[in-house]
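Please look over the notes below with the model open beside them. They run from the overall fold to a few individual residues.

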Amino acid sequence: MTKTPEVAPPLLAETSPDRPVNCEVALETAFAALVATSTAQGWTPEETAETLHKLAVEHLEQLKATAA
């Protein structure tokens, strides 16, 4: 079983304008591993990217709906 790459905790306060970049850097390795695993299983890079985008958009919509 493959170990999921760790995601580093935030280095910046929630009010920092650079926090989104900090999050992006923290997630890059885990994201790349997920994409690599998906393509190794036979999904095309395009299918993988489109699906991850769809899942992310749906997740954000759910978060917004919950907060409303």
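1. Helices here are DSSP runs of H or I of at least four residues, strands are runs of E of at least two, and both are numbered from the N terminus. On that basis the protein has two helices and zero strands. Gly-42 sits in the loop between H1 and helix H2, the latter covering residues 45–67.

2. The model is predicted, so local features need pLDDT of at least 70 and side-chain atom pairs count only at pLDDT 80 or more, while totals for chains, interfaces and linings use all residues. Residues are numbered from 1 along each chain as its sequence is written, and side-chain values use heavy atoms, with hydrogens and water left out.

3. For overall dimensions, the C-alpha trace spans about 40 × 30 × 20 Å along its principal axes.

4. Burial is judged by relative accessible area with a 1.4 Å probe and protein chains only: buried means under 20%, exposed over 50%, and partly exposed lies in between. Of the 68 residues of the protein, 10% count as buried.

5. Which residues does Asn-22 touch, leaving aside those up to four places away in sequence? With contact meaning heavy atoms within 4.5 Å, they are Pro-10, Leu-11 and Leu-12. Asn-22 belongs to helix H1, which comprises residues 19–40, and it counts as buried because its relative accessible area is 12%. Its side chain also reaches the backbone nitrogen of Leu-12 at 3.5 Å; a polar contact is a pair of N or O atoms within 3.5 Å, where within protein one must be able to donate a hydrogen and the other to accept it, and residues adjacent in sequence count only if both atoms are side-chain atoms.

6. Leu-11 lies in the segment before H1 and counts as exposed because its relative accessibility is 72%.

7. Ser-38 is another residue of helix H1, and it counts as buried because its relative accessible area is 17%. Not counting residues up to four places away in sequence, Ser-38 touches Trp-43 and Thr-48.

8. Gly-42 and Glu-24 are 18 residues apart in sequence, and their C-alpha atoms are 26 Å apart in space.
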